[in-house]
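Take a moment with the sequence and the coordinates below. The text then walks through them, from overall build to single residues.

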Amino acid sequence: MEVEENILGKEKIGKLMRKFSIPCIISMLVNSLYNIVDQIFIGWGVGYLGNGATNIVFPLNMICLAFALMVGDGASAYLSLKLGEKKKDEAKRGVANGIMTSIIISVIFFIVIIALLPQLLNLFGCTDKIRPYALDYGFVIALGLPFMMVGTTLNSIIRADGSPKYSMVSMVSGALLNTILDPIFIFVFNMGVKGAAIATIVSQILTFILNICYIKRFKSVKLDKKDFKLKGKTIGKLISLGISSFITQMSIVFVMATENNMLKKCGANSEFGSEIPITVLGIVMKISQILNSIILGIAVGAQPIIGYNYGAGKNERVKETLKKVLGLSVIVSTIAFILFQTIPDKLIAIFGSGDEKYIEFACLAFRTYLMLCIFNGVQIPSGIFFQAIGKSVKSAVLSISRQIVLLIPAMIILGNVFGVHGVLSAGPIADGIAFVIALTLIIREVRKLGKTTQISKALENDSKVEKTSQDKIIITVSREYGSGGRYVAKILAEKLGIKFYDKEIITKLAKETGLSEEYIEENEQKRTALASLETDQVTGLSTRDELFIKESELIKKLAKKDSCVIVGRCADFIMKDNKNAVKVFIYSNMEDKIKRVNKFYGVDKEKAEKEIKNTDKQRANHYKHYTDREWKEYSNYDICINSDTIGVEKSADVIYDMIQNRK
């Protein structure tokens with residue numbers, strides 16, 4: 001781990017980006033090409049109505065993929081967290097529960113889709129002419145959904161187990177087989193869209209089998225039958241960790257559903273009819289997804305580089321990495337823009353032939369809908385950049401702004417006013433506004449980076465002499481904000497003559513990891529409602545997750561070395577199996593907490609209550625997320641004291657007396 005961190009902080013940025021970004025680009029391109037290959041062969045073997053059918057069925061695939069990634073990415077993050085905490089049994093249970101959950105959800109989706117496919121197709125804008133093809137394609141695709149979903153879930157877990165190459169090989173193998181089988185089933189056996197669907201599910205089964213075979217080869221854990229017993233709390237945690245991936249995929253579903261229905265409605269009143277717009281814009285979006293996959297691969301690959309150097313206070317390296325990411329992304333988006341504007345007829349011809357209206361609309365769609373695709377080179381990397389530096393709100397704004405907040409309303413409003421041309425115009429309007437938002441946020445953040453952040457001095461050696469007449473003692477002090485708990489802990493440490501750790505942990509952690517104290521303090525012990533959106537798309541871990549793992553390791557190391565008092569940081573949970581640990585909780589009434597916050601932290605009394613509630617809520621969320629326990633559940637502690645009843649000094653005396661009377 002140390003070597004990898006040194007590389008991220010010292011190696012040339014260009015070399016690091018080649019190492020991290022190229023595999024990401026390949027993986028994401030494979031995902032994008034998987035669907036496009038079907039459409040190419042269907043276009044030549046069946047015609048544009050067949051491609052229209054795949055666009056109608058595609059949202060069903062995306063819904064299933066959203067759930068599979070939610071469970072898979074959640075399980076991969078859970079695996080990494082629990083391994084970091086040295087809790088292999090819990091890590092095993094998380095992986096096994098993830099696999100079982102994916103199986104159960106996939107079977108449910110299979111049953112629902114088979115039973116309600118005609119109604120679902122109507123929901124996604126199916127027309128009478130497209131319906132026969134969509135039913136043929138959809139029923140076969142539904143048969144493969146369990147294999148696709150479980151295979152996708154396992155893919156994420158395998159990557160977290162330290163085998164990204166195996167994960168990539170299983171995906172590429174499926175994609176290659178699909179490419180081989182598509183022309184055989186469509187042209188040789190004359191099976192039309194059914195043939196394309198069969199080729200797809202056979203390929204998904206191959207990926208599924210390869211990933212199932214990996215289960216016995218897990219490096220980090222060995223699964224037993226008992227691990228597959230479902231646990232509600234474990235499943236809940238997996239879902240919470242994977243919710244970011246779910247939201248990302250579902251946003252695409254909402255866009256496609258809105259788009260298909262608007263094109264069906266507006267197209268019927270145009271010279272093009274409903275089927276041509278639905279088919280063509282679906283193809284246009286999938287071609288643009290190739291562009292986005294390359295840009296996303298560049299940005300996601302650079303994510304660990306940006307995250308580490310930002311945390312280490314090496315802002316010049318952060319800016320250099322961001323500059324390279326944006327530069328490469330803009331070059332890619334510029335090339336794509338030129339192609340979309342100059343040869344749209346040749347691009348659409350890849351997917352089969354059509355009449356004059358088909359070609360006319362294709363040229364119109366490429367040139368209008370993707371008019372400002374060049375801005376994707378800034379908007380997409382910006383969202384990943386803020387995710388990498390732990391700015392969850394900004395990352396969330398950029399992630400959903402174009403799809404949900406801008407594109408869908410623009411399609412509805414402009415479509416109803418200007419018809420099918422209005423639906424197409426929604427694309428550049430959403431791209432333009434999203435670009436302005438992204439550029440504004442990026443410029444502000446880069447200006448902040450200009451203010452050099454200094455890495456803090458290492459913790460001075462503590463010269464205090466620990467009492468040797470007693471067995472080692474570890475005291476953990478959890479406290480409400482403003483309760484005086486920190487002062488109770490400090491007085492207690494002085495009375496016992498042992499070490500005291502609060503801010504000192506931040507300094508030690510900065511020394512061990514190379515992260516700046518300011519960065520650690522900003523991201524530890526806090527969990528907001530949007531924290532789940534910070535999840536790294538490669539590792540499955542958020543900034544707070546990684547800090548918690550490192551902080552837990554440090555706390556265990558400190559406790560093993562000396563007697564000490566540790567404030568906050570879920571230390572009571574981390575030390576729950578330590579027989580020498582005394583777990584304390586300090587609380588107080590709101591009136592007295594307001595007085596303390598006003599006196600010691602200089603917060604206005606009018607604002608103090610809100611700050612206290614907000615801080616305690618974040619501490620409670622943080623505690624719940626990592627321990628599956630309630631922060632204020634008094635049974636978690638050996639002693640709970642209301643500091644207002646007897647005062648801070650007396651509270652320390654009570655705990656001191658209790659410790660002295662311990663056998």
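Residues are numbered from 1 along each chain as its sequence is written, and side-chain values use heavy atoms, with hydrogens and water left out.

Start with confidence. pLDDT is the predictor's confidence in each residue, from 0 to 100. The protein has a mean pLDDT of 86, and 92% of its residues reach 70 or more. Residues 1-6 fall below 50; beyond near neighbours in sequence, this stretch has 8 contacts in the model. A contact means heavy atoms within 4.5 Å. Residues 452-470 also stay under 50 in pLDDT, and there the model has 30 contacts beyond four places in sequence. Where pLDDT is low, the predicted coordinates should not be read in detail.

Now the overall build. The secondary structure comprises 23 helices and 5 strands. Both are DSSP runs numbered from the N terminus: helices are H or I with at least four residues, strands are E with at least two. The radius of gyration is 28 Å, close to the 26 Å that the globule rule gives for 663 residues, so the protein is as compact as a globular protein of that length. This radius is taken over C-alpha atoms, and the rule is 2.2 Å times the number of residues to the power 0.38. Along its principal axes, the C-alpha trace spans about 90 × 55 × 45 Å.

How much of the chain is buried? Of the 663 residues, 56% count as buried. Buried means under 20% relative accessible area, exposed over 50%, and partly exposed in between (1.4 Å probe, protein chains only). Contacts reach across the sequence as well. Among those between residues at least 6 apart, 81% join residues at least 24 apart.

The accessible surface comes to about 28100 Å², and 61% of it belongs to carbon and sulfur atoms. Areas come from the Shrake-Rupley method with a 1.4 Å probe; for residues, only the protein chains shown count as cover. W44, F187, V188, F189 and M191 make a nonpolar patch of about 520 Å². Patches use residues with over 30% relative accessible area and no salt bridge; like charges are joined within 9 Å, nonpolar side chains (Val, Leu, Ile, Met, Phe, Trp, Tyr) within 5 Å. W44 sits in helix α2 (residues 13-45). W44 is exposed, at 51% relative accessible area.

Next, the charged pairs. A salt bridge is a side-chain nitrogen of Lys or Arg within 4 Å of a carboxyl oxygen of Asp or Glu. By this rule there are 25 salt bridges. One of them pairs R629 with D572, with 3.4 Å between the closest N and O atoms. R629 lies in the loop between α22 (605-627) and β5 (639-642) and D572 in helix α20, so the pair ties together parts that are 57 residues apart in sequence. R629 is partly exposed at 22% relative accessibility, whereas D572 is buried at 0%.

K583 and D638 also meet in a salt bridge, at 3.8 Å from N to O. This pair links distant parts of the chain, 55 residues apart: K583 is in strand β4 (residues 581-587), D638 in the loop between α22 and β5. K583 is buried at 11% relative accessibility, while D638 is partly exposed at 44%. Elsewhere, salt bridges that share partners join E480, K593, D616 and K632 into one network.

K576 and D577 form another salt bridge, their closest N and O atoms being 3.5 Å apart. D577 is exposed at 67%, and K576 is partly exposed at 32%.

Two single positions remain. Where does G568 lie? G568 is in the loop between β3 (564-567) and α20 (571-574). G568 is buried, with a relative accessible area of 8%. Leaving out residues up to four places away in sequence, G568 touches V477, R479 and Q525.

I243 belongs to helix α8 (residues 232-268). I243 counts as partly exposed, at 25% relative accessibility. I243 and K617 are 374 residues apart in sequence and 20 Å apart in space, C-alpha to C-alpha.

Definitions and conventions
Predicted model: local features only at pLDDT ≥ 70, side-chain atom pairs only at ≥ 80, totals over all residues.
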